[in-house]
Amino acid sequence: MTPPRLHDLEFMRLALAEAERGRGQTRPNPLVGAVIVDESGPSPRLLATGFHARAGTDHAEVAALRSLGGQAPGATLYVTLEPCNHVGRTGNCCEALLRAGLRRVVVGMRDPNPRVPGGGVERLRQAGVAVEVGVLEEECRRQNRGYLRWITTGRPHLILKAAVSLDGFLAPPPQQRGSGGPVWLTGEAARARAHMLRAGCDALLIGAGTVRSDDPQLTVRLPEWQGPQPLRVVLDGQLSLRVQARVCQPGTLICTSEQALRAHPERVAALRDRGVEVVALPPAKHGGRPTDVDLEAVVELLGRREVLTALCEGGAELHGALLSAGLYQEAALFVAPVLLGAGVPLARGFATGPSGLRLAEVSVEVIGQDVLVQGLLPEGAGGGHVHRDH
């Protein structure tokens, strides 16, 4: 590919920003943004923008064209993902682009979906449209990590999220926590940023121990948020949760063991009466108690539920088990400027080699007095491990 022109980069960045408007709302579809530009004059002129808002609605390029009455003769389209060349829940995007009379299409990345027949790039080129592929491809791929992982492996992109002290603790020792409930290490600005992370994910995952200690709502609570609430997933192999816990409401999935399901029929019925879904999963493959839930089965279940990105908020045993099993792809750690000296570790039962697990593509963001460190974990790092929910 010839080096992109400066304004190609500018308009693809705008398309990426448009795509972000759909984050947390498009499952099982990818984030896609589109920009239509008139390049006929001495300098490019923006005509329209569009983004994919949610599954079943217009794709980004069609949304942009709609604001122009479906016609853009001689114009250039910038789109973060290859236009579709098939009819699904919406129409064929390539045919809409050809009817609009576009002269040139600039694509950020190809669509790896193996279930989509035909290639949009090839269809456009066969019709005489100039097509360029790969402009800001890495940025486009980074934006759609969840979709790319799910569409190629059937599993979600799993993120470890935690707030920790400078010395690596999630909370003080239990005997120092007083009457119970969550202990806030970070400030309000960092907690709001954590809710933004939640809003961008399709599912939130915790262990039963976290429910017992913190009684979280596990919801997105941002004043401006109008999108769907993520699926709440609780791993509770012994089915020990109080039916009255705040997380026990419609939109919650409890993953438990077959043994616990049989042992507590009344609790299962009470949870289901509250709108909670309770499913039994296979036991852990590598030993442990009969009630230990297999983490691979949990991740595969989420993939079947069309979860593209899941945020795991712990606690320590679940983080340790998922790290040991190599099931995390990313970490997002809010580091508070406090030293606890002792307490609940970030990950329990997890050990690495002398060099540890080093994050890649690291970003650091100062939020108030706290720091958010994000990065990718080595693929498949860790070994087999079981999840013990307390």
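A hairpin of 6 residues joins strand 1 to strand 2, and the strands meant here are DSSP runs of E with at least two residues, while helices are runs of H or I with at least four residues, both numbered from the N terminus. The model is predicted: local features need pLDDT of at least 70, side-chain atom pairs count only at pLDDT 80 or more, and totals for chains, interfaces and linings use all residues. Residues are numbered from 1 along each chain as its sequence is written, and side-chain values use heavy atoms, with hydrogens and water left out.

Buried here means under 20% relative accessible area, exposed means over 50%, and partly exposed lies in between (1.4 Å probe, protein chains only). In a regular strand the side chains alternate between the two faces of the sheet. In strand 1 both faces are covered, with Gly33, Val35 and Val37 on one side and Ala34, Ile36 and Asp38 on the other, all of them buried.

Strand 1 has two pairings to follow, where pairing requires that DSSP finds at least two bridges between two strands. With strand 2 (residues 45-51) strand 1 pairs in the antiparallel sense over 6 bridges; valine 35 has threonine 49 of strand 2 as its bridge partner. The pairing of strand 1 with strand 3 is also antiparallel, over 4 bridges, and there isoleucine 36 stands opposite leucine 77. A cis peptide bond joins arginine 27 to proline 28, with omega about 5°.

The structure holds 1 aromatic pair. Its rings belong to phenylalanine 11 and tyrosine 78; their centres are 5.5 Å apart and their planes stand at 35°, so the pair is tilted. Rings of Phe, Tyr and Trp (its six-membered ring) count as a pair if their centres lie within 6.5 Å, and planes under 30 degrees apart are called stacked, over 60 edge-to-face and the rest tilted. Phenylalanine 11 lies in helix 1 (residues 6-20) and tyrosine 78 in strand 3 (residues 76-81), so the pair ties together parts that are 67 residues apart in sequence. Both phenylalanine 11 and tyrosine 78 are buried.

With 6 of 6 residues buried, strand 10 is largely enclosed by the rest of the structure. Strand 10 runs parallel to strand 9 (residues 231-235), to which 4 bridges join it, and valine 233 stands opposite leucine 253. Strand 10 is also parallel to strand 11 (residues 277-281), with 5 bridges between them; isoleucine 254 has valine 278 as its bridge partner.

Helix 6 (residues 145-153) has Gly146, Tyr147, Leu148, Arg149, Trp150 and Ile151 as its buried residues. Their cover includes strand 4 (104-109), helix 5 (137-143), strand 6 (157-164), helix 11 (295-304) and strand 12 (309-312). After helix 6 comes glycine 154, with a positive phi near 80°. Arginine 141 belongs to helix 5 and counts as partly exposed, at 34% relative accessibility. Not counting residues up to four places away in sequence, arginine 141 touches Met109 and Leu148, where contact means heavy atoms within 4.5 Å.

Some backbone details lie in loops. Leucine 136, in the loop between strand 5 (130-133) and helix 5, has a positive phi near 55° and counts as buried at 12% relative accessibility. Leucine 218, in the loop between helix 8 (208-214) and strand 9, has a positive phi near 60° and is buried at 1% relative accessibility. A cis peptide bond also runs from glycine 314 to glycine 315, with omega near 15°.

The protein as a whole comes to 12 helices and 16 strands. Of its 390 residues, 52% count as buried. The C-alpha atoms fill a box of roughly 70 × 45 × 40 Å, taken along the principal axes.
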